[in-house]
Amino acid sequence: MAQRLMNGARLWAICVVICVIYGGVKAADRVTGTIRFLMFDRDSNQLVNVPDNNAAFAKSSCKPSEQFAIIVHGWREGTDSEWVVDMVSNFTAHRPGCVMVMHYANNSHTIDYFGELLPHFDKLANVLAAHLRRMESIGFDPAKGHIFGFSMGAQLALEGSRRFGLQKINRIDACDPAGPGFDTVPENMLLDPKQAARQVQCIHTSANFGTRRRDCHISWNMGNCGRDQVAARPFPKGSHGLCPCFLQQCVRASVPSGAQAEAVRVPAIGARVAAGAEDGVPLRYEQWSIWRAAFADDPELPFH
């Protein structure tokens, strides 16, 4: 009788372990199984899924011999977000090579940032790192890689690239990296963003959603010392959401010189508008001239 009870207890314990492992795998599948990488197909002028087959990937419009860019969106965003659409358009228009988007909207669209998105950060970063390793195995050169991330996407760009390899990626533009859930974790504070790429540029526009850290190779404090923006509007164009708009204009527009420069207004989304327009973001010419001059000799920047 005792032996039967022991055997029953062992069988029960084995079942519990199997259920826990199976449940963990299924949970991981719900996160990682919905993540897609899309690439801009220049023949059809639209985003299409990156082929699962490596040979097909290498023969696609994304050529391993060319430079590449990956856009990583943030919380409550996806490939249909306004700035993502604009960024894809700007990259394809002003920068040769492959343009991709990491699409994890099934996870990012949750309202519960702390309960349903942040706990999956580790899995999301691993997926980006795995994609970079796959690209390298096909023949893509990380030294020709450029990753742009906003908010949570900026943190993913940094951590995913670090896990891929220290300073293997050429360049990362981290747009107002998310602070909540990161700045208060000691382990995260020990991670050096400069190790994620050969050049890491961080643009700071908010103190409520953005990180307090200022330790990238270059850290830009926009507006009021990077804490807030005078032109902030309601979500999604608050101080935090304006960050991609600043970089969009750096990609898209050339700013005139002379007395008229101070009158230039940069709209939240779209081409520059004339002085006096209501829907614009005031930006002093000196800020643009410093921004552009800092990278004037960098041929890989899309505004060249």
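In what order do the eight strands of the open sheet lie? The legends below describe close-up views of a predicted model.

**View 1. The open sheet of eight strands.** The strands follow the order E2-E1-E4-E3-E5-E6-E7-E8, and their pairing is mixed. Strand E2 (46-49) and strand E8 (218-221) form the edges, each pairing on one side only. On average, neighbouring strands of this sheet are turned by 20° against each other, direction ignored. Strands of a sheet pair through backbone hydrogen bonds, in either a parallel or an antiparallel manner.

**View 2. The pairing of strands E3 and E5.** Strand E3 (residues 68-72) and strand E5 (residues 145-150) run parallel and are joined by five bridges. Within this pair, Ile70 has Ile147 of E5 as its bridge partner.

**View 3. Helix H3 packed on the sheet.** Helix H3 (residues 82-94) touches strand E1 (36-41), E2, E3, strand E4 (98-103) and E5. The direction of H3 makes about 170° with that of E3.

**View 4. The largest cavity.** The structure holds five cavities of 30 Å³ or more, and the volume of the largest is about 210 Å³. Its lining comprises 18 residues, and Gln155, Leu158, Arg162, Asn188 and Arg213 lie nearest the centre of the cavity.

**View 5. The lining of the largest cavity.** Helix H7 (152-164), helix H8 (186-189) and strand E7 (197-204) each contribute at least two residues to this lining. H7 provides the largest share, with four residues. By class, nine residues of the lining are nonpolar, four are polar and five are charged.

Conventions
Residues numbered from 1 in each chain as written. Predicted model: local features only at pLDDT ≥ 70, side-chain atom pairs only at ≥ 80, totals over all residues. Heavy atoms only, no water. 1 Å grid on protein atoms, 1.4 Å probe; cavity = no way out; pocket = protein on both sides within 12 Å on 5 of 7 lines; lining within 4 Å. Points joined across faces, edges and corners; volume = space filled by probe spheres on them. Nonpolar A, V, L, I, M, F, W, Y, C, P; charged D, E, K, R; others polar. Pairing = 2+ DSSP bridges. Axes fitted to C-alpha atoms, helices over the stretch in contact; angles between N-to-C directions. Contact = heavy atoms within 4.5 Å.
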